[in-house]
Amino acid sequence: MSTTKHLIAPSVLAADFANLYDAIQLVNNSEADWFHIDIMDGVFVPNISFGFPVMQAIAKHATKPLDVHLMIVDPDRYLKTCKDSGASSITVHYEACTHLHRTLAAIKELGCKAGVALNPHTPVSLLQDVIQDVDLVCIMSVNPGFGGQKFIERTYDKVRALRALAAGVNDSLLIEIDGGVTLQNAAPLLQAGADVLVTGSFVFNATDPMETVKKLKAVDYT
Ligand code: DX5
Ligand code: ZN
């Protein structure tokens with residue numbers, strides 16, 4: 001049986017930046033649920049993508065929520081700007097926050113969904129004391145910084161462990177997977193307990209991106 005409970009979030013990072021408007025319209029017209037917006041600072045990750053002015057330009061044309069992934073150090077400095085630039089959810093990295101509990105509260109105070117992302121080396125058990133306070137956990141299935149990398153297989157175990165950690169404490173938690181998502185690993189990820197699949201190169205490099213989103217949305221995993 002197919003189900004459409006899960007969400008698909010195409011990552012604009014994989015779009016042709018010289019034709020960003022076309023990429024936005026593609027996502028608007030597809031069955032995708034969210035835009036995934038990757039912001040990098042060249043410090044937390046060894047790459048720089050784009051910043052808030054570009055995000056604001058995207059927000060002007062996007063008809064779906066912007067799910068923002070902040071790959072930056074000390075993200076507290078930019079939460080308000082991020083919200084004002086059109087964010088619907090803001091995800092910060094566990095590894096970049098000294099006072100994660102406070103950061104999550106600040107995101108919620110702004111009226112956004114609060115998310116935490118975990119690098120591949122960070123165990124989900126470290127979220128035990130904030131699991132009630134998050135709307136979303138993003139499990140990185142590649143090392144953040146670049147699109148088009150190979151999916152790390154260990155991710156399945158992390159999804160199951162996180163679902164178990166949240167059980168009875170935060171049953172509405174959204175588990176997002178970011179990096180190397182394809183039609184090959186989508187079903188097992190959803191079976192393991194994932195809710196949101198971020199997909200960059202697999203969608204934007206496809207011959208037919210709209211059809212690819214449709215297929216990801218229709219994945220059979222029950
Ligand atoms: C990587 C980013 C991802 C990236 C995913 O640092 O956080 O969102 O765009 O791209 P793919 O799907 O190509 O791995
Ligand atoms: Zn991302």
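Is His69 buried or exposed? His69 is buried, with 27 other C-beta atoms within 10 Å. Buried means 20 or more other C-beta atoms within 10 Å of a residue's own, exposed means 12 or fewer, and partly exposed lies in between; C-beta atoms are placed from the backbone.

This is a predicted model, in which local features need pLDDT of at least 70 and side-chain atom pairs count only at pLDDT 80 or more, while totals for chains, interfaces and linings use all residues. Residues are numbered from 1 along each chain as its sequence is written, and chains are lettered from A and ligands numbered from 1 in the order in which they are written.

View 1. An unreviewed UniProt entry lists His36, Asp38, His69 and Asp178 under "binding site". They span 143 residues in sequence, but no two of their C-alpha atoms are more than 10.5 Å apart, so they gather at one spot. Such annotations may be inferred rather than shown by experiment.

**View 2. Around His69.** His69 sits in strand E3 (residues 66-71). Strands are DSSP runs of at least two residues, numbered from the N terminus. Leaving out residues up to four places away in sequence, His69 touches residues including His36, Asp38 and Asp178. Contact means C-beta atoms, placed from the backbone, within 7 Å.

**View 3. Around His36.** His36 belongs to strand E2 (residues 35-40). His36 counts as buried, with 27 C-beta neighbours inside 10 Å. Beyond four places in sequence, its contacts include Ala9, Pro10, Asp67 and Val198.

Notes
Helix = DSSP H or I, 4+ residues; strand = E, 2+ residues; numbered from the N terminus. Contact = placed C-beta atoms within 7 Å.
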